[in-house]
Amino acid sequence: MDKWFGQQAVYRVSMGNFLFFGCMSLALLGVKHRGDKRDAYLHHGHPLAKLGLWLLFTCLPFLFPNEVLNVYSWAARVGSGVFLIIQMIILLDFVQCWNDSWAANGEEDERWLYGLMGLTVVGYGGTLTLAGLMYAWFKPAGAGSCSLNIGLITLTLLLVVAFSVLSLAPLARQGSIFPSSVIGLYAAYLCFSALQSEPRDYACNGLAHRLTAASGGTLALGMVVTLASVVYAAFRAGSNTSLFTLDGSEDGEGGSAQRQALLADVEGTGSAGLDGVPDVAEATREAVTGGAPKPDAAAAARAEALAPVSYNYSFFHLIFALASMYIAMLMTGWGSVAQDKDRIDVGWASVWVKLGAQWVTGLLYMWTLLAPALFPDRDFS
């Protein structure tokens, strides 16, 4: 009974956070200019008012009947999966950008290329080391064959070999060995995390026999790491010009299109279209295109108001809404009633979710290698 009540409390707090960030996401939908009042008053302003709303939303689900929480628990499973997929896409993009940046720098200074080579060796070395530890820890002496654990570790290594070989094949036009080493290390980590989440009384979980159940300090550290990754995911996804971004970010072709649209809007209103301030169109053109600013302070302020926002506010809050679901799944063992309150992220549901995330990551990475060759007419840069 205590376990059930604890799980219900986690779901209610999670639902409150989901509702708060979900409403913020909807309220900020379509904010493209810095002059939008929602930017100043809702996203960046009034922190105490938002804190009060957050507390209200957190308490509100405690008034809901259990049937509503049961529906939310199943929705949270789906939302958590979406959150994991977004994290995987961001990881793939980050690694590829890292590789491209250092490779470009290596054209002028070979030390960047040596750095990539060194990190590649470290990545594969870490993968093999982690695999060796998993073979030792998750097939303890006297526990039998532990064929499941041995098979999962071996499949992980085969997956790493598969996309590493593919990245060097001529078919992979944008392939590189460094991203493969990083994704391989991440795949090995997911396998280790999955095996570590096996039930504590499972004979083949040798690591659980050496470690105590997750303590409050361990949980706090895990939550800090998760929240840090969420913040990075939100800023990375919202500000990236090719992933989950607003049409017309400040960089690239989209940014250029938005500049033209802003200038056209101002020119269409005429010089006296904004409170009679002269030369507003010209001042806006100068401010948006990077030219010399005009001395008219009012025109400069309006130009700043028409400038595009630096990242997607709506998606920023959507990430936090999905993360609220994901943290609830971690704390309840993905909805397992048998989850102990002092054992966080333990159970067969957690094991299979992490293994599924591992294979989705590997398949997504292989798709990024094959897609340019399969669809040569599309731009995958």
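Predicted model: local features only at pLDDT ≥ 70, side-chain atom pairs only at ≥ 80, totals over all residues.
Residues are numbered from 1 along each chain as its sequence is written, and side-chain values use heavy atoms, with hydrogens and water left out.

Let me begin with the overall fold. The secondary structure comprises 14 helices and zero strands. Here helices (H or I, at least four residues) and strands (E, at least two) are DSSP runs, numbered from the N terminus. Of the 381 residues in the protein, 41% are buried. Buried means under 20% relative accessible area, exposed means over 50%, and partly exposed lies in between, with a 1.4 Å probe and protein chains only. A contact means heavy atoms within 4.5 Å. Among contacts between residues at least 6 apart in sequence, 73% join residues at least 24 apart.

I now turn to helix α4, residues 66–106, and its partners. How does α4 pack against α14? Helix α14 spans residues 348–374, and the two pack at an angle of about 40°, with their axes 10 Å apart. Axes are lines fitted to C-alpha atoms, for helices over the stretch in contact, and angles run from 0 to 180 degrees between N-to-C directions. The helices α4 and α14 are therefore oblique to each other. For this wording, angles under 35 degrees count as roughly parallel, over 145 as roughly antiparallel, 65 to 115 as roughly perpendicular, and the rest as oblique. On the α4 side, the residues that meet α14 are Leu84, Met88, Ile89 and Leu92; on the α14 side, they are Val353, Ala357, Val360, Thr361, Leu364 and Tyr365. This contact divides into nine nonpolar residues, one polar and no charged. In these classes, Ala, Val, Leu, Ile, Met, Phe, Trp, Tyr, Cys and Pro count as nonpolar, Asp, Glu, Lys and Arg as charged, and the others, Gly among them, as polar.

The next partner is helix α5, residues 111–137. Helices α4 and α5 pack at an angle of about 140°, and their axes are 7 Å apart. From α4, the contact involves Trp98, Asn99, Trp102, Ala103, Asn105 and Gly106; from α5, it involves Trp112, Leu113, Gly115, Leu116 and Leu119. Seven of the residues in this contact of α4 with α5 are nonpolar, four are polar and none is charged.

In α4, Leu91, Leu92, Val95, Gln96, Trp98 and Asn99 take part, meeting Phe178, Pro179, Val182, Ile183 and Tyr186 in α7. The contact of α4 with α7 has nine nonpolar, two polar and no charged residues.

Is Thr127 buried or exposed? Thr127, in helix α5, counts as buried because its relative accessibility is 3%. Not counting residues up to four places away in sequence, Thr127 touches Leu157, Val160, Ser181, Gly184, Leu185 and Ala188. The C-alpha atoms of Thr127 and Leu185 are separated by 4.8 Å, although the two are 58 residues apart along the chain.

Leu370, the residue of my opening question, is partly exposed, with a relative accessible area of 24%. Leaving aside neighbours within four places in sequence, Leu370 is in contact with Leu166 and Leu171.

His46 has a positive phi of about 55° although it is not a glycine, and with a relative accessible area of 44% it is partly exposed.
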